[in-house]
Amino acid sequence: MRRLADIAAPVVFVALLLGGWEIACRALEIPVYRLPPPSAIGTALTAELPLLLGSGWATLSTALWALVIASLCASALALVAGLNGLIEKAIQPVVVTLQVTPVIAIAPLVQIWAGLEHPERAVISLAVVVAFFPIFSGALTGLKAVDPDLERLFDLYGASRWQKLWRLRLPAAVPFLLEGHKVAAGLAVVGAVVAEFGAGSGGSQGLAWRIIEAGNRLQTAKAFAALLVLAVMGAGLYALLQLVERRALVWWRGR
Amino acid sequence: MIATLNQVEVDYRGSGRALGPVDLALGEGEIVALVGPSGCGKSTAMRLLAGLEQPTRGEVSRAAGRGETSLVFQAPTLAPWMSAAANVALPLALAGVERREARRRAEEALERVGLATSRDARPAQLSGGMAMRVSLARALVTRPRLLLLDEPFAALDEITRRALADDVLALWAALKPAILFVTHNVEEAVYMASKVVVMTAGPGRIAGEMSIAGPLPRPPGFRTTEGFRATAEAVSDLLAQGMERAA
């Protein structure tokens, strides 16, 4: 009974929200280009679905590529930093600076480096920058989050540096790595969209471009439809990684 | 003597003297309980004996080498990603013992602590007492000559800690390692050890020591004997004096 209520509550809330929105639009006679009612957004979504899904896939694949590249780079760098305190101290300020710099601000530079004829490279690079940090800091925290007494035992039993890494620090880092990837997946989508905005018109076929395009033409319902596809995509990716995380944690700690 | 501390002092940078000067001697196959208030440096003394820390002054000598010394902490300190058997086999695996042989000896050690059926369980699936037994099995799997127990029952409920105290004594009777047992529980110290060493409040010094009469492992009802109570009383007095002197 409780479960049913838990599921029903958000559904009812969203239904009320949409109903109120629809009624308000009609009653107040708000122009469609200013705020389309949900029904108009639904119509736009059905009409433009193939186009939006194609663009959605472009954005999603950008985000996924960025996630893979960020994962490899961030994990490798975290490993190096985790093994050597001096290297950690050396790179930490650079990483933090990169993290706090708004990605949109470095977009023009990255575009120049990627070459103006390869906007997709610039977009992926920018999304990598955004997805990098949570994986890096998660991995580094994990590598250092070893139970100090367990480490003492490894010392007592004469474990080598390599044994400590392989049998202690890497496995101990697994939950932190999973958490980092989950957060990074959501950010990679955000990063991809921001990068598409930053990369400007023409070169990109992603959802961000669809939103800009629709906005420029005052096709507000279509912009909302693109936004909806984007939101569903982001939530879906997050949910998928949450599932992976939960499964992997069960494997890691046995329940 | 299997391990001795000779006029040992430990200073920590910033917080000053943490221990000593302290003299402590542990004979082959002997059980010594080290009792003292929190923060007196009991655990520091133990880490010195384990070779995990170096004294600022004085001398630490150990006849038991690496691989012959084992350690059990207050928490079970198991690796959550490994099964009970893999946790127990860890010291052997680190020493390069062949996989199947390590596994066999780990299962034997688990059997010794009464956990033969839990060998594939993960630490998260074990109760506090069971996890502590796994930790004990891991300490015993190398057949150590020196076993260091750092308040191993402090986080357990009374019934479990009494049961484990008897288990440790039974394991001692079978394998005869020298045991240094650190605790702040006077009754537990008197019950477990043939000699109780009392420390003063930090920086800890030796307030005195007391030999405990009676057979080890303890016969049933030992806790209710007149001798046990009188000894526990005397140790408590010694502990109280040590705390006054420090204050």
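A:Ala208 lies in helix H8 of chain A, which covers residues 207-216; helices (H or I, at least four residues) and strands (E, at least two) are DSSP runs, numbered from the N terminus. The model is predicted, so local features need pLDDT of at least 70 and side-chain atom pairs count only at pLDDT 80 or more, while totals for chains, interfaces and linings use all residues. Residues are numbered from 1 along each chain as its sequence is written, and chains are lettered from A and ligands numbered from 1 in the order in which they are written.

A:Ala208 is buried, because 24 other C-beta atoms lie within 10 Å. A residue is buried if 20 or more other C-beta atoms lie within 10 Å of its own, exposed if 12 or fewer, and partly exposed in between, with C-beta atoms placed from the backbone. Apart from neighbours within four places in sequence, A:Ala208 is in contact with A:Thr59, A:Val193, A:Glu196 and A:Phe197; contact means that the C-beta atoms of two residues, placed from the backbone, lie within 7 Å. A:Pro171 is 37 residues from A:Ala208 in sequence and 39 Å from it in space, C-alpha to C-alpha.

Next comes helix H6 of chain A, residues 148-156, whose buried residues are A:Leu150, A:Leu153, A:Phe154 and A:Leu156. Seen down the helix axis, these buried residues fall within an arc of 160°, so they line one face of H6(A); the arc is that of the directions from the helix axis to the C-beta atoms. They pack against helix H7 (161-199) of chain A, and also against helix H1 (42-50), strand S5 (69-72) and helix H2 (84-94) of chain B. Just after H6(A), A:Gly158 has a positive phi of about 70°.

The contact between the chains takes 18 residues from chain A and 18 residues from chain B. On the side of chain B that touches chain A, S5 and H2 of chain B each supply at least two residues.

Chain B itself is assigned domain 1 (3-68 + 145-246) and domain 2 (79-143), with bounds that come from an automatic or database domain assignment. Their C-alpha centres lie 25 Å apart. Each domain of chain B gives eleven residues to the contact between them. Helix H5 of chain B, residues 158-175, gives the most to the side of domain 1 that touches domain 2, with six residues.
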